[in-house]
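Biologist: Please walk me through this one, starting wherever you like.

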Amino acid sequence: MKIKRFEAPSMSDALRMIKKEFGEEAVILSAKNLSKTSRIFGKMGGAKVIVTAAIDEAMPEQEPVADESEKAWPLSDLSTNPAASAREAASERKRILERYTPITLTGQQKLRPKLVRMMSESRAVDKPASETSDSSIYLALRDQGLDDAIASELASLSSDAMPHPDGGEEDMVEALAQAIQTRAWVAPEEGASRHEERRTIVLVGPNGSGKTATVAKLAASALMDEQHSVGILSLDNHRVAGTDELSRFADIMGLGLETAAEPKQVSEALDRMADAQLIVVDTPGIAPDDQEGRQFLEQMITAMADPEVHLLLSAASQEKTIAKMVRFFQPVGVTRLLPTHLDWTEQIGPFVNQLAHHRLPMSYMSTGAGIPEGLNIATDRSLAIRLLSADVPDVAASEQGLPITVVQRRPIGNESEPQYVANRNSDIFHRTDCKSVKRISNLNAMIFSDSNEALAQGFKPCRMCCSEHIVLKPIDRLARTRYASSRN
């Protein structure tokens with residue numbers, strides 16, 4: 001390798017000298033500006049640029065690389081680069097940046113947008129008319145918010161399972177469903193009649209996750225599907241009117257409702273419901289920092305025999321919020337994850353990322369407020385349809401469809417109260433009439449029925465339109481004195 005330092009009045013002159021001597025294949029190693037100062041008067045002298053460049057003299061005589069995927073393609077030859085799959089684009093950009101840009105990070109950051117655009121244009125030229133199913137599935141999964149590694153693996157597995165490379169939506173859904181099956185994200189759901197012993201489903205989660213409504217959906221679905229006996233147990237007797245709504249659901253469905261405030265009462269309530277084949281347990285919502293409440297809930301669940309603990313998470317929440325909830329509730333013995341509010345969001349990727357990271361499957365998906373049709377049994381196919389946003393029928397859902405009587409949930413709060421909107425990429429929520437809402441795209445918009453729901457999911461009120469929800473922290477005496485003295 002030949003290395004030489006070039007001095008010129010400006011960068012353009014230096015690059016012209018490098019190109020003339022080394023050619024197009026030269027690599028810039030470093031560049032800096034120098035300015036001379038007069039020793040007598042201290043005035044600035046003539047400024048110049050010093051650029052260090054290098055050229056690999058053996059490059060023209062090198063034999064072609066056997067593996068084209070390991071070849072570093074020059075910037076001028078991007079159009080001849082073989083069509084790389086979407087999952088290789090990141091490593092390809094990194095390889096080119098390290099070889100053909102200055103060693104400073106600033107130089108790489110400045111060149112990256114231009115390089116990405118050039119590579120995209122080259123792939124658009126080289127790509128055949130019909131896009132491969134591998135890249136189509138990958139792009140669809142990334143649009144849903146899946147991690148790059150998970151999306152790449154699912155796309156690769158789906159491509160291997162595709163009967164035809166240019167298959168339609170139905171073939172893509174089936175292939176992705178087979179790939180999801182290998183990850184065991186969906187636990188097979190069995191009705192209570194298939195269990196020799198009774199089944200206990202415990203629903204846990206933060207405030208506003210939809211536990212009470214899901215209890216009613218599970219109970220109504222069990223009654224209308226297999227007509228077996230169902231019992232409802234509520235542990236949410238600490239909150240004001242915590243059992244009122246669940247009591248109305250139980251009256252409409254003709255079911256008995258038991259309550260318990262301590263582990264001993266849990267055992268007694270379960271004994272009174274000994275004839276029930278399915279027992280659905282509602283629990284109080286717990287704040288993220290309520291360690292005592294979580295410990296109490298753990299003691300109550302321990303008093304039950306072989307419970308299925310489903311953690312309800314709003315799919316419309318930010319991914320970091322979902323991950324925090326999973327970590328917080330895991331000590332209570334969570335065995336399943338249950339996404340709710342799927343009708344409020346177009347992205348299920350943040351929730352699916354937690355399925356993969358924590359290795360917890362799901363059995364149900366809450367897709368609406370209707371009872372019981374708002375709760376569907378999760379299948380590999382239904383998850384694949386939602387991830388691909390495919391317009392194909394869900395066979396499992398159509399098989400479950402039975403003539404039922406819909407019980408609409410009673411709305412909470414005043415219906416005339418304005419809704420609130422937040423950006424999933426931010427931590428601020430606004431009123432619908434706030435000017436900041438106009439800058440939120442429909443894909444990232446999250447709708448809340450009231451401010452408490454937004455606060456429960458970790459969002460902060462906007463200082464312009466939601467100032468009444470801001471809690472001011474008192475300033476101590478020392479701070480007041482310091483601030484007052486600074487103004488004098």
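Biologist: What is the handedness of the crossing of helix 5 and helix 6?

Modeller: The crossing of helix 5 and helix 6 is right-handed, meaning that the near helix is turned clockwise from the far one by less than a right angle. This is a predicted model, in which local features need pLDDT of at least 70 and side-chain atom pairs count only at pLDDT 80 or more, while totals for chains, interfaces and linings use all residues. Residues are numbered from 1 along each chain as its sequence is written, and side-chain values use heavy atoms, without hydrogens and water.

Biologist: And at what angle do the axes of helix 5 and helix 6 cross?

Modeller: Roughly 120° (0 to 180 degrees between N-to-C directions, with axes fitted to C-alpha atoms over the stretch in contact), and the axes of helix 5 (residues 148–161) and helix 6 (residues 169–183) come within 8 Å. Helices here are DSSP runs of H or I, at least four residues, and strands are runs of E, at least two.

Biologist: Which residues in helix 5 meet helix 6?

Modeller: Ile 150, Glu 153, Leu 154, Leu 157, Ser 158 and Ala 161 do, and their partners in helix 6 include Ala 175, Leu 176, Ala 179 and Arg 183, contact being heavy atoms within 4.5 Å.

Biologist: OK, what about helix 11 and helix 12?

Modeller: The axes of helix 11 (residues 319–329) and helix 12 (residues 349–358) come within 9 Å and cross at roughly 40°, in a right-handed crossing. In helix 11, Glu 319, Ile 322, Ala 323, Val 326 and Arg 327 meet residues of helix 12, among them Pro 350, Phe 351 and His 358.

Biologist: Switching topic, which residues in helix 1 are buried?

Modeller: Ala 14, Ile 18 and Phe 22 are buried in helix 1. Seen down the axis, these buried residues fall within an arc of 40°, so they line one face of helix 1; the arc is taken from the directions from the axis to the C-beta atoms. Arg 16 and Lys 20 are exposed on the other side of helix 1.

Biologist: What comes just after helix 1?

Modeller: Gly 23, which takes a positive phi of about 90°. Helix 8 is likewise followed by a glycine, Gly 254, whose phi is positive, near 70°.

Key. Buried means under 20% relative accessible area, exposed over 50%, partly exposed in between (1.4 Å probe, protein chains only).
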